[in-house]
Amino acid sequence: MTDLTESGRQLIADIAARYGLSQDAVEQMARAVSNGGGTMAQFNIPELGGGGQWMAGGMTMVGDMFNHGLKATVDGLCAELSNGMANAPFFKQPQTIAGAAWWPADLGQPSSVGGQNQFRYAYFPQACRVALDPGNGAPVVLLDTLDHQIGGFSQQQSGYGDPFGGVSFSSQYGQFALSSLPRIGAPAPEPQPIPQPVQPEIQQPAPAPVQPVAEAPAPAAQPAPAPAATDDILGTIEKLAALRDAGALTEEEFSTKKMELLARL
């Protein structure tokens, strides 16, 4: 059973026909845009060149990075989906255990939910919050997402004592653990007493006055070194592509290194 609304299904069919794409590919992109709060998307869609990223009013990256036609297609597709979601919901309200939301009602509806075993999480981009249900009877935890625009979550085996179930997220700044976000309502650290100066037991005679010496002018601040040029990164990717074509690198090794280099832009 699909969770697409009737308006979402019709819009996806219309967009797919105009862009010459399958409805499945457009639906996958719609979910990626929805998970990004309507402002960004991380996707891996074969019809659109494999893996890539899109950000509203920002940078669009596709697997074939020099295919400008593909970039224009992805940019236009994501912009239309984002505008469509602003006018009508594409997906039905997410299902929750016992038919009721487990997060605070004032957060509204999440753009994405997930979990593993008893642990659950939900992301609310408009409220800049992530809600966490540990699943062990403890209260729901709220995290402040600050200025992160979260595009997706991943979960792996957590370490001992990890209260967030091994969940991490990706944003415009990179990949982070949920534990890096501040908790809402966490008590502020107690102020530490200011140490008092210790008075010497024996008073030393005051030193003779010293004539002031004119200070030499401070040397002019040197400009900070400029970051690596974008052309250097693109040139490195081209060299890696040549190594891949020559068989020196696998496609997986090339894709991994390319995404690392693109993250520096």
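At what angle do the axes of helix H1 and helix H2 cross? Select residues 6–19 for H1 and residues 23–35 for H2. Their axes cross at roughly 120 degrees and come within 9 Å.

Before going on, a note on the model. It is predicted: local features need pLDDT of at least 70, side-chain atom pairs count only at pLDDT 80 or more, and totals for chains, interfaces and linings use all residues. Residues are numbered from 1 along each chain as its sequence is written, and side-chain values use heavy atoms, with hydrogens and water left out.

**Stop 1**

Helices (H or I, at least four residues) and strands (E, at least two) are DSSP runs, numbered from the N terminus. Axes are lines fitted to C-alpha atoms, for helices over the stretch in contact, and angles run from 0 to 180 degrees between N-to-C directions. Angles under 35 degrees count as roughly parallel, over 145 as roughly antiparallel, 65 to 115 as roughly perpendicular and the rest as oblique. H1 and H2 are therefore oblique to each other.

Now show the side chains at the contact (heavy atoms within 4.5 Å). On H1, pick Ile12, Ala13, Ile15 and Ala16. On H2, pick Gln23, Val26, Glu27 and Ala30. Colour them by class: Ala, Val, Leu, Ile, Met, Phe, Trp, Tyr, Cys and Pro count as nonpolar, Asp, Glu, Lys and Arg as charged, and the others, Gly among them, as polar. The contact of H1 with H2 has six nonpolar residues, one polar and one charged.

**Stop 2: H1 and H3**

The axes of H1 and H3 cross at roughly 160 degrees and come within 11 Å. That makes H1 roughly antiparallel to H3. Which residues meet here? From H1 come Ile15, Arg18 and Tyr19. From H3 come Thr73, Gly76, Leu77, Glu80 and Leu81. By class, the contact of H1 with H3 has four nonpolar, two polar and two charged residues.

**Stop 3: the sheet**

Strands of a sheet pair through backbone hydrogen bonds, either parallel or antiparallel. Select E1 (residues 40–45) and E2 (residues 50–55), then E3 (60–61). Together they form an open sheet of three strands, in the order E1-E2-E3, with antiparallel pairing. The edge strands are E1 and E3, and each pairs on one side only. Two strands pair if DSSP finds at least two bridges between them.

How many bridges join E1 to E2? There are six. Look for Asn44, whose bridge partner in E2 is Gly51. Ala41 stands opposite Trp54 in E2. E1 and E2 form a hairpin with four residues between them. Click on Gly49 in that turn: its phi is positive, about 85 degrees.

Move on to E2 and E3, which two bridges join. Trp54 has Thr60 as its bridge partner in E3. Gln53 stands opposite Met61 in E3. E2 and E3 also form a hairpin with four residues between them. Gly57 in the turn has a positive phi of about 70 degrees.

Bring H3 back. H3 lies across E1, E2 and E3, running at about 55 degrees to E2.

**Stop 4: an aromatic pair**

Rings of Phe, Tyr and Trp (its six-membered ring) pair if their centres lie within 6.5 Å; planes under 30 degrees apart count as stacked, over 60 as edge-to-face and the rest as tilted. A search of the whole structure finds two aromatic pairs. For one of them, select Trp103 and Phe124. Their ring centres are 5.6 Å apart and their planes are at 70 degrees, so the pair is edge-to-face.

**Stop 5: H4 and H5**

Finish with helix H4 (residues 230–245) and helix H5 (residues 251–262). They pack at an angle of about 180 degrees, with their axes 10 Å apart. H4 and H5 are therefore roughly antiparallel to each other.
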